[in-house]
Structures are given as C-alpha cells and as structure tokens.
Amino acid sequence: MVRAAVCTAVGSPLEITDIDLPEPGPGQVRVKLAAAGVCHSDLSLTNGTMRVPLPAVLGHEGAGTVVSVGEGVTHVAPGDGVVLNWAPSCGSCHACSLGEVWLCANALAGSANVYAKRASDGSDLHPGLNVAAFAEETVVAANTVLPVPDGVPLTDAALLGCAVLTGYGAIRHSARVREGETVAVYGVGGVGLATIQAARIAGASKIIAVDVSPEKEELARQAGATDYVVASDNTAREIRALTGKQGVDVAVECVGRAVTIRTAWESTRRGGRTTVVGIGGKDQQVTFNALELFHWGRTLSGCVYGNSNPAEDLPVLAEHVRAGRLDLSALVTEHISLDGIPAAFDNMVAGKGGRALVVF
C-alpha cells in the first residue's frame, strides 16, 4: 500500500488515503516519487475547470526513482532517476505528424485507465493526468518517464515536468522572445517565475512582473524581473509608461482570467505578441472589436505545455541548470507533505507564494 491524494468528485475535498498499486505490466514503470509540484492544473481538476475521469489520484509534475519495470521497457531501469511527462505524444495523430507533439490528440488517453484500487474498499482509481504524482509511488506507461539529466537534483527535477517546461516554452517556442525585447509576465506563481527566468535567459532587456500581491515582488526580482507592477485597472497604462509609452514586445499571461488576458494584450506595443499560458474556465469570455484587432496588429496565441517537446527540451534546460542560469529551487516557496496539498490549493486561490513542492 502507498499513501496518495485522491479527488473523489468535482468540488469535494482531497482525501489522503491508502491505495493498492499493481506491479508494472508490459510497457509500464513503477516509480517511487521524490517530489511533486502542486500546480494550478491540479486545482482545476478539483473544481471542474478541467475534466478527467474520477475518482483519481492527482499530481502531474513529479520526479522519482524507478522501482521496477515491465516487459519491453528498455530506456530506463530500476534505480534510474526519472522525470514524469504527463502529456506523452502518441506519434501518430495529425498534430504529431506536424511535429506539434504538445497538441497530441491522445496525450491524456491514459487518464481514463484504471491504474490502482482504493485500499479500504477495492474501488477503482484513475491516474488524474496520466501519472498520479500525488502518491508515494505510482505505476505509469513507459512513455511518461524520461531520464533525469545529469547535474539536476532529483527533488528539483520534479519542477521540470510542468512549470519549467511551460514557462521556458512560452518564451522560447511560443512568443519566441529575441534578445533585447521587452517582456511582461502576468502572474508570479510557479509558472510565472519560470517564465521570468526564461525571459532573462533569452536576453530580454526589460522584464515586468505583474501580480495582485505586493508581497511577490522580491520573488519576481530574484527570478530576473527588472520592474514590478501590482495589478490594477491601470496596469496596461503603467506598463506603457515603463516602455517609452510603447508597450512591451511580448506579454505572457499565466493566470487564465479574461480581464488579465485582455490587459496583457493591451499592454503590448503595436504589433506585439501575447501568449496565454493560464487555463481559464468557459465562463471567462475575452472580447475585442474588429477595428482594434486591425489597428493594433497584435498577435494573441494560446500555449499548451509551453509548446514543448520534453525529450528535446529537458537536455537544454539541464544545461541551463548546470550553467547556473536556471535556478529551479527559486520557484519553490514551500515544502510540504501530502497532507499539505489542500492548504497549498487554498494559498493558490489566495494568490500566495510560488510553487509548493510535496517532498516524499
């Protein structure tokens, strides 16, 4: 038996309980978790913004050590450190054929599988976003594990599984920030902090962090922000004032709210680029009129998982870590146990802190 955080139904509190895991079958890997990050997507599964089969063990940003492997698994072995990839590409759908693996139509197919049983009554459990990282151990498909790159501590490596790939990819792959450009980052949580660091690595000349909380300014500046704006009705105006009345070249929205997306778009220069990373609900309607779309000539684009290919991007990120350019530990503001996840969700809703990291 292992302890795990189970979401039984939308709107219900998480249950920390014992579950029974099977031994890995063909093409599967059993992993002992070292750490798992608490991401806003996990919260979105509990409140119904995102939907997966329930009951499910949540958690998708994790890293750990291989315990055992099933038949046919050759790229990892017991004792290897691995990062969990919650959105593995199938390689055969239309998006994959175009090289857009982050849009794979079958990436979350594993979430529908029954992967474990509740110890108390034997009822079925699903792996929330394929990997069920909010557990002491998990059993996953082999294509969801990638070797931890050399020089990256196993606990820190958990953050590579979502926050860092998303933030880095938003800057590198989606917005394609060029050296000397100006960037605004909306939302200074785990993904926002990773985005700020990525903008610094890209050589942005000015990085403006925006958040509702004044307390996050120090976090943002440590990550590389040159300026900090407390969100208000005048945010776009303040950003234009910081950029010679032009607006930034790029805005990255990490919140997922209509008003923030609209403000991010308004804060870019004419011809600027806005990348939306935050996951909002269907009720968050963003409106534009036809004339302003023509006049401003701005680009607004969604960004899934940083438009990243984890197999290709992890070695690049590891090199940044080894060179001291990327500080994974700087994203984390709280180390917790499984029992601390509900409180971490509350802090997330309240806009407090960066990434909470479950350490096993």
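The following questions and answers walk through selected features of a predicted model.

User: What kind of model is this, and from which number are residues counted along each chain?
Analyst: This is a predicted model, where local features need pLDDT of at least 70, side-chain atom pairs count only at pLDDT 80 or more, and totals for chains, interfaces and linings use all residues. Side-chain values use heavy atoms, without hydrogens and water, and residues are numbered along each chain as its sequence is written, from 1.

User: How many aromatic pairs does a search of the whole structure find?
Analyst: Rings of Phe, Tyr and Trp (its six-membered ring) pair if their centres lie within 6.5 Å; planes under 30 degrees apart are stacked, over 60 edge-to-face, and the rest tilted. By that rule, the search of the whole structure gives two.

User: Which class does the pair of Trp86 and Tyr305 fall into?
Analyst: The ring centres are 4.8 Å apart.

User: How far apart in the chain are Trp86 and Tyr305?
Analyst: Helices (H or I, at least four residues) and strands (E, at least two) are DSSP runs, numbered from the N terminus. Trp86 is in the loop between β6 (81–84) and α2 (94–97). Tyr305 is in the loop between β16 (299–302) and α10 (310–322). The pair links distant parts of the chain, 219 residues apart.

User: Is Trp86 buried or exposed?
Analyst: Buried means under 20% relative accessible area, exposed over 50%, and partly exposed in between (1.4 Å probe, protein chains only). Trp86 has 12%, so Trp86 is buried.

User: Which class does the pair of Trp265 and Phe288 fall into?
Analyst: Trp265 lies in helix α8 (residues 258–266), and Phe288 in the loop between β15 (268–276) and α9 (290–296). Their centres are 4.8 Å apart, with 65° between the planes. The class is edge-to-face.

User: Over the face of which ring does Arg298 lie at 4.2 Å from the ring centre?
Analyst: A charge sits over a ring if NZ of Lys or CZ of Arg is within 6 Å of the ring centre and within 35 degrees of the ring normal. The charged end of Arg298 sits over Trp265, 4.5 Å from the ring centre. At 4.2 Å, the ring is that of Trp296.

User: With which side chain does the side chain of Ser174 make a polar contact?
Analyst: Ser174 is in helix α4 (residues 163–174). Ser174 is buried, because its relative accessible area is 16%. A polar contact is a pair of N or O atoms within 3.5 Å; within protein, one must be able to donate a hydrogen and the other to accept it, and residues adjacent in sequence count only if both atoms are side-chain atoms. At 3.2 Å, the partner is Thr275.

User: In what order do the five strands close into a barrel?
Analyst: Two strands pair if DSSP finds at least two bridges between them. Strands β1 (residues 2–7) and β2 (residues 15–20) run antiparallel, joined by five bridges. Pairing in the barrel is mixed, and the order is β1-β2-β7-β8-β4.
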